[in-house]
Amino acid sequence: MRLGLRLFFAFFLINGLAAFFVLRVFMVEVKPSVRKVTEDTLVETAYALAALASADLAKNLFQPGQSGPFATQLSNYTQKPIQAWIWDARKTTLDMRITVTDAQGIVLFDSQGKDQGSDYSRWRDVYLTLRGEYGARTTRAVKEDESSSVMYVSAPIMVNGQIGGVLTASKPSSSVQKIVDSAEQKILRGGLLFVLLSAGVGCAVTWWFVLHVRRLRNYAQQVQAPTLNESTHPAQMPQPVAVPNMPGELGELAQAMDTMRKRLEGRDYIEGYVRALTHELKSPVAAIRGAGELLQDDLPTPDRIMFAKQVVDQSLRLQNLIDQLLQLSRLEQRQQLDKTHSCSLMECAQQAMNALQSTAQQHGIALQLKGADSHGPWEAGLVTLAISNLLQNALDFSPEDRVITLELSPHRITISDQGPGVPDVMLARLGERFFTTPRPNGERSGTGLGLSIVTRIMHLHGGSMAIRNLHPGLAVTLDFAPENQTH
């Protein structure tokens, strides 16, 4: 089961159980509470009427054929019409019954005229009251029908300081049943509304929580350390994923995940660098060691010169590898350019040509610059470095007595050589760190970092590098198109 459903069911179960128990408590307490209020009212009514009946009982005005003021007033009170609204309940009848018994429990007066002369001495309410205790009872008029219950509350009628009789006030439960039913219906409706609101709140809370958890999950899935190939080809790298903006502990968790991501990226990146660097160092280190071991022996002069030259060449190769790695590392740490000065592509190309002119002359290669100059908010040092790396690659792969052309066009420069080119299947890999192709003479070419540096420089400028075969030769185009945004 998915997390959202589990949370919703757990929330709904907890609220449902809470609603059930609360409703049950209310439902169980409604009737007893109404009965307590009714009994409290009957107690006060009985004691008040008992005080009023005391004078008539002392004068024996409750005897048959006699009617004192108390009996006269109460005999007809139930006959009076009434229209009363008690909150939302309508009352149209007076249901209280008043009876008066003598000291032996014989009924002297009944407001309903039913039980005069009956013996009530065995009824609990009358019996206890005659003994000086609190007397009350609830009796069903129909044994099997709870709704026919009648509540009786008795009060002593004091005559000359003695209990001369008992006044009983009684009220049927049916008279307050409407109030009980109305209260229960309101509680049920409120409980149902509570459950529905709880379900709505549960859905909202679950949706909110699951939404943020999914954002964290998507963030964790999208975030991954760049591979060496991706870091060399910035265009292949996924767009940086923004840290989700979340409240409270979820926001702290997102920040913690971002911190962990940065640490993992740094660790993975360093591990990749170390593995690649170790692989690249094996060959020159082995060559230097082998040559050094041989130089310890007594060798002929030509052999000694050859092995000494090998040590120097491999040392230079190691130095070049380290320099380019440091250079690439610095570029990969940069996030923006120095755009305070305008840059001329022709000037950068001319500086690169001047730096490599002697190397070109040694190989009998001519460097030709043509086309119209263009300017832009580029960093001159990096542009010169990119052109120099491309020129160095062209010199490495160009046969002797050939021409390398640097052609300028608006916001663009193309370096073309007349070498063997690159197999089409390998074009896509040019620019990967440490990826190289063999030179025309079969020797191993450079460090495989030159094009990686160029690619990174173009990425910082918001430009691109395109490579294509010319048959013969290879053309590399650096595009500083103005619509591209520099980083």
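**Entry 1: Asp-125**

I began with the side chain of Asp-125, which makes a polar contact with the side chain of Ser-154 at 2.9 Å. I count as a polar contact a pair of N or O atoms within 3.5 Å; within protein, one must be able to donate a hydrogen and the other to accept it, and residues adjacent in sequence count only if both atoms are side-chain atoms. For the record, this is a predicted model, where local features need pLDDT of at least 70 and side-chain atom pairs count only at pLDDT 80 or more, while totals for chains, interfaces and linings use all residues. Residues are numbered from 1 along each chain as its sequence is written, and side-chain values use heavy atoms, with hydrogens and water left out.

The side chain of Asp-125 also makes a polar contact with the side chain of Arg-137, at 2.6 Å. I placed Asp-125 in helix H3, residues 124-130. Helices (H or I, at least four residues) and strands (E, at least two) are DSSP runs, numbered from the N terminus.

Is Asp-125 buried or exposed? Asp-125 counts as buried because its relative accessible area is 1%. The cut-offs are under 20% relative accessible area for buried, over 50% for exposed, and partly exposed in between, with a 1.4 Å probe and protein chains only.

I then listed what Asp-125 touches, leaving aside neighbours within four places in sequence: Gly-135, Ala-136, Arg-137, Tyr-152, Ser-154 and Thr-168. Contact here means heavy atoms within 4.5 Å. I also looked up Ala-155, which is 30 residues from Asp-125 along the chain; their C-alpha atoms are separated by 8.7 Å.

**Entry 2: the cysteines**

How many disulfides does a search of the whole structure find? The search finds zero. Cys-343 is in no disulfide, and the nearest cysteine sulfur, that of Cys-348, is 3.4 Å away. A disulfide is a covalent bond between the sulfur atoms of two cysteines. The cut-off used is a pair of cysteine sulfur atoms within 2.5 Å.

I checked the cover of both residues. Cys-343 is buried, at 1% relative accessible area, and Cys-348 is buried, at 2%.

**Entry 3: Ser-374**

Cys-343 came up again among the contacts of Ser-374. Leaving aside neighbours within four places in sequence, Ser-374 is in contact with Cys-343, Ser-344, Leu-345, Ser-409, Pro-410, His-411 and Arg-412. What does the side chain of Ser-374 reach at 3.0 Å? It reaches the backbone nitrogen of His-411.

I found Ser-374 in the loop between strand E9 (366-371) and strand E10 (375-376). Ser-374 counts as buried because its relative accessibility is 7%.

**Entry 4: backbone angles in loops**

I looked up Asp-401 in the loop between helix H9 (380-397) and strand E11 (403-409). Asp-401 is not a glycine, yet has a positive phi of about 60°. Asp-401 is exposed, with 62% relative accessible area.

His-471 also is not a glycine and has a positive phi, of about 55°. His-471 sits in the loop between E13 and E14 and is exposed, at 65% relative accessible area. Which peptide bond is cis, with omega near 5°? The bond from His-471 to Pro-472 is. Pro-472 lies in the loop between strand E13 (464-469) and strand E14 (474-479).

**Entry 5: helix H11**

Helix H11 spans residues 450-460 and is mostly covered, with ten of its eleven residues buried. I noted the buried residues as Gly-450, Leu-451, Ser-452, Ile-453, Val-454, Thr-455, Arg-456, Ile-457, Met-458 and Leu-460. Just after H11, Gly-462 takes a positive phi of about 70°.

**Entry 6: Trp-207**

I placed Trp-207 in helix H4, residues 174-222. Trp-207 is exposed because its relative accessible area is 58%. Trp-207, Trp-208 and Leu-211 make a nonpolar surface patch of about 340 Å². Patches are made of residues with over 30% relative accessible area and no salt bridge, with like charges joined within 9 Å and nonpolar side chains (Val, Leu, Ile, Met, Phe, Trp, Tyr) within 5 Å. A salt bridge is a side-chain nitrogen of Lys or Arg within 4 Å of a carboxyl oxygen of Asp or Glu. Accessible areas come from the Shrake-Rupley method with a 1.4 Å probe; for residues, only the protein chains shown count as cover.
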